[in-house]
2 protein chains.
Amino acid sequence: MATLKDVAVLAGVSVKTVSNVVNGYEFVKPENRRRVEDALNATGYRPNLGARNLRRGRTGFIALVVPELSIPYFGELAGGIIAAAAEHDWSVLIEQTQGDRARERKVITDLGPHMVDGAIVSPQAVVPDDIATPGVPVVLLGEHPLPLPLDHVGIDNVTAARTAVHHLIDLGRTRIAVIGQHPTRGTATQRLAGYRQAIAEAGLTEIVAPALRYHHSDGALAMTELLDRPERPDAVFCFNDMLALGAVRVAHDRGLRVPDDIAIAGFDNTEHSAYSVPSLTTIAPDKAALARAAVDLVHRRAIDKEDFPPQDVSIPFALEVRESTTP
Amino acid sequence: MATLKDVAVLAGVSVKTVSNVVNGYEFVKPENRRRVEDALNATGYRPNLGARNLRRGRTGFIALVVPELSIPYFGELAGGIIAAAAEHDWSVLIEQTQGDRARERKVITDLGPHMVDGAIVSPQAVVPDDIATPGVPVVLLGEHPLPLPLDHVGIDNVTAARTAVHHLIDLGRTRIAVIGQHPTRGTATQRLAGYRQAIAEAGLTEIVAPALRYHHSDGALAMTELLDRPERPDAVFCFNDMLALGAVRVAHDRGLRVPDDIAIAGFDNTEHSAYSVPSLTTIAPDKAALARAAVDLVHRRAIDKEDFPPQDVSIPFALEVRESTTP
DNA sequence: AAACGTCTTTACATCGTTGGCACAACGTTG
DNA sequence: CAACGTTGTGCCAACGATGTAAAGACGTTT
C-alpha cells in the first residue's frame, strides 16, 4: 500500500508537499500539484487513517453502545445513527451489552479517548458511578440516570406512557394492565410511572406484569400470566412492540379478539407494528431526530470543542393509533 | 490521558519496561513489575490503540457492510458478527449501502488497509470489478459474484428456495407465485432459480412478482398486484420475511384466509416470523454459524496470515414449517 | 541593485507505541 | 577469576501522517 513517501518519490517532491496537496493547501505550484495528483492516482494512495488520527488527535470513530442489535428498535436506531454520523465523516463502531451492567460498564471504560472521539450509549442498567469519567463525550439515549452530568437525548417517557394509557382509558377500558416492569431499566421505571399516573387519574387499579428481556417470548409469557388471573384485563399497554406482538399472539391463541376482547398497545413504532395482524397502536418516537440530535451533541463537544452545560434534549413523539385499539 | 511515558516516569523505569509489562513480557524483575502495575493503576493507563496499531500494522477493526441495519435480518446478522468478532478482540464498524451499487463500491474502496483488518460484505448490486483489489481480506455473505477470487459464506440459496417451493407443492398448491424478483440482487437470482426448478419439476407455471426493496410495503405492493390478476395464486413464496408479512397483511385485508385460501412462506427466519399471526413458514439459515464462519475466515487471512485458495463455505439451513402453510 | 514581501517548498520534530539491539547485572561454570 | 549464559533494562528507530518554522524562489518596490 502506497504511503505519502512513495507518492513523494514518484512525483519528485517532498513528503510535505504531497501532504499539502492531499489536504487542499492553497499555495502549491500548479505544475507540482499536477505531478502530485498524477502520482496519487498512479499509486492509488489512501491516507493511513490511524497515522493521521494519531497526529491529529482524533480517531474518526464514534461508538454506539446498545443492548442488542437484533432488537428491531435498536437496529433502526443504529441505522439512523450511522447515517447521521456519516455526515460528519464518522464511522460507527457498535458494541453490544446484552443489557448486562458489567458489560455496559466495561465497554464504557475501555472506550478510552484513543479508540473513539465520542460515544452514544443506550443504557439499561448502568448506575451513575459506572460512567463517572468516560474521557470522551458521551450522550445517553432513552434513559438518564439522574445525578449524572451527561448529555441526554430521548422522548418524555412518562408523558408518552401516560398518553398511551389515556388512549386506552378513552376507549372505555377499565382493567388496563401493563407489561414490562423491570427492576433496573430506567425507561421501564419512567413508563411505569406514566402508566401509574394515568391509572390514578382515572381512578382505576393497577395491573402490573414484569418482563425480563423485551422479546416476543417475554411478552407472551407475561400475557399468559395475565390471562390466567381471575379478573382478565381488557387492555394491555406494553413497553415495547415486541412485547406487544408477543401478547397479541397469546391473546389470539386463547381465542380472544384484539381489540374487541382486549386492546393492546406497544411502544417504539418499529416497522413491523404497521403490518402485523392486527396492526399495532404504538408510541412513535421521531427516531431520525433522535439520531441526529445525539450525533450533533457528540460532534459539538468532541470536534468543535464547545463547552456547555449538560443538555437534556427532548424528542417529539406521536401516538400512532392502529387496529389493535380501534374496535 | 496517561501515556506509557507518564507511567514510566511515575514508576521510575523506562518506557520500554512499562511496555513490556503491559504486553506480558516474561522477564521483568518482580519488584519493577509491581511498581509498574501500581503506576498503571494510579494513572488509569489505557493503551492508545491508534499508536499501537500503527506500530503493529493492524487496526483492531473489521468492517461489516450491509444494505440497511433497520432490516431485522441484518440486525440479527450484525449482532452475531459483533459477538463473533469480539472473541478475536475485534471491534466492528458498520457501514450501510442502502443497496446502492455506487455506495457499495465506495465503501469497499475506502476501506483501505488502514482502517480495518478485514471486511465482511453483504453485497446486493456490486459487480466483480468493484471489488477487484480490496487490499484487505474480504468475505462475501449471501451472494457471490462468481468470477471473483474471494471467500464466500452463505447458504445454498437455490436448494433452499427449491425446498420451500417443494413444501408448497406438497400441500397440493398449484398456482404458486414468487415475490422478490430483482434485477441486480444476486440472492434474488439464485432464489428465483430454485423456485423455477421446483416449479418446472412439478410441471406448474411460474408466477413472478418483482420487489424493489425488501420491506413490508414492497411485499404488500406485490401481493396486491398478484391478487388483482385473473388467476389468483394459492400459494406465495417470498424472498424474505418482511415481504412475506407484508403479503400476509394484504391477504388478510382482502378477506383471504392464510393458509386455507393462500399459503405464504418467507425466508430468513427473523424473530417476528415465529410470533406473527399466522406464524410464518420460512427458511431458517443458521445465522450464528454464518457469522462465526465469516469472522473466522477473515481472521485466518488477516491475522494468521494464512494463504489458501478462496473458500466457499456452505452454511446449513432448515425449513421452519409454521401456520402460514399448515392448514 | 539592495531590500522587501509574497509565495512555495522542505527539513525536522512529533503523536504513542513496539521491535531490535546493545548493554548491564547476575549467577554459573571451568 | 575469567569467561559464559541467562535475565532484565534502556536507547533508538520506526510506523505514516501533519504542524512548525525556516529556507528558497521570485517579483516588486525604492
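Biologist: Which part of DNA strand D supplies the atoms within 4 Å of the protein, sugar and phosphate or bases?
Modeller: This is a predicted model. In it, sugar or phosphate makes up 66% of the atoms of DNA strand D within 4 Å of the protein, and bases make up the rest.

Biologist: How many residues surround DNA strand D, and which are the closest?
Modeller: There are 26 residues around DNA strand D. The closest are Leu4(A), Lys16(A), Tyr45(A), Ser14(B) and Asn32(B).

Biologist: What touches a phosphate oxygen there?
Modeller: Asn48(A) has a backbone N or O atom 3.0 Å from a phosphate oxygen of DNA strand D. Arg56(A) comes in with its side chain, where a polar atom lies 3.5 Å from a phosphate oxygen of DNA strand D.

Biologist: And which side chain is by a base oxygen?
Modeller: That is Arg55(A), with a side-chain N or O atom 2.9 Å from a base oxygen of DNA strand D.

Biologist: Which elements give two or more residues to that surface?
Modeller: H2 and H4 of chain A, together with H2 and H4 of chain B. H4(A) has the largest share of the surface near DNA strand D, with five residues.

Biologist: How do the residues near DNA strand D divide by class?
Modeller: Into 11 nonpolar, seven polar and eight charged.

Biologist: Which residue has a polar side-chain atom by a base oxygen of DNA strand C?
Modeller: Arg55(B), at 2.8 Å. A base nitrogen of DNA strand C is also 3.4 Å from a polar atom of Ala51(B), and that atom is in the backbone. On the phosphate side, a polar side-chain atom of Asn23(B) is 3.3 Å from a phosphate oxygen of DNA strand C.

Biologist: Which helices supply the surface near DNA strand C?
Modeller: Helix H2 (15-22) and helix H4 (49-56), from chain A and from chain B, each supply at least two residues. The largest share, five residues, is from H4(B). By class, the surface near DNA strand C has 11 nonpolar, eight polar and eight charged residues.

Biologist: Changing topic. What rotation superposes chain B on chain A?
Modeller: A rotation of 180°, with 0.0 Å of shift along its axis and an RMSD of 0.1 Å. The two copies are therefore related as by a two-fold rotation axis. Leu93(B) has the C-alpha nearest the axis in chain B, 2.2 Å from it.

Biologist: Why do you say the copies meet through the same surface?
Modeller: Because 98% of the interface residues of chain B are also interface residues in chain A.

Biologist: How many residues are in the largest nonpolar core?
Modeller: It has 158 residues, and Ile94(A) and Ile94(B) have the most contacts inside it.

Biologist: What is Ile94(A) in contact with?
Modeller: Leaving out neighbours within four places in sequence, its contacts in chain A are Leu64(A), Val66(A), Leu69(A), Ala78(A) and Ile82(A). From chain B, Ile94(A) is in contact with Leu69(B), Ile82(B), Val92(B) and Ile94(B). There is also a second, separate core of 30 residues, including Phe61(A), Val116(B), Val138(B) and Leu140(B).

Biologist: Now the backbone. Where is Asp268(A)?
Modeller: In the loop between strand S9 (263-267) and strand S10 (281-285) of chain A. Asp268(A) has a positive phi of about 120° and is not a glycine. Most residues other than glycine have a negative phi.

Biologist: Is Asp268(A) buried or exposed?
Modeller: Buried, with a relative accessible area of 6%. In chain B, Asp268(B) has a positive phi near 120° and is buried, at 7%. Asp268(B) lies in the loop between S9 and S10 of chain B.

Biologist: Which peptide bond is cis, with omega near -5°?
Modeller: The one from Val277(B) to Pro278(B). Pro278(B) is in the loop between S9 and strand S10 (281-285) of chain B. Another cis peptide bond joins Val258(B) and Pro259(B), with omega about 10°. Pro259(B) sits in the loop between helix H11 (241-253) and strand S9 (263-267) of chain B.

Key. Residues numbered from 1 in each chain as written. Chains lettered and ligands numbered in written order. Predicted model: local features only at pLDDT ≥ 70, side-chain atom pairs only at ≥ 80, totals over all residues. Heavy atoms only, no water. Polar contact = N/O pair within 3.5 Å; in protein donor to acceptor, adjacent residues only side chain to side chain. Helix = DSSP H or I, 4+ residues; strand = E, 2+ residues; numbered from the N terminus. Nonpolar A, V, L, I, M, F, W, Y, C, P; charged D, E, K, R; others polar. Least-squares fit on C-alpha atoms with pLDDT ≥ 70 in both. Contact = heavy atoms within 4.5 Å. Core = buried A, V, L, I, M, F, W, Y, C linked by side-chain atoms within 4.5 Å. Buried < 20%, exposed > 50% of the residue type's maximum accessible area, 1.4 Å probe, protein only. Near = heavy atom within 4 Å.
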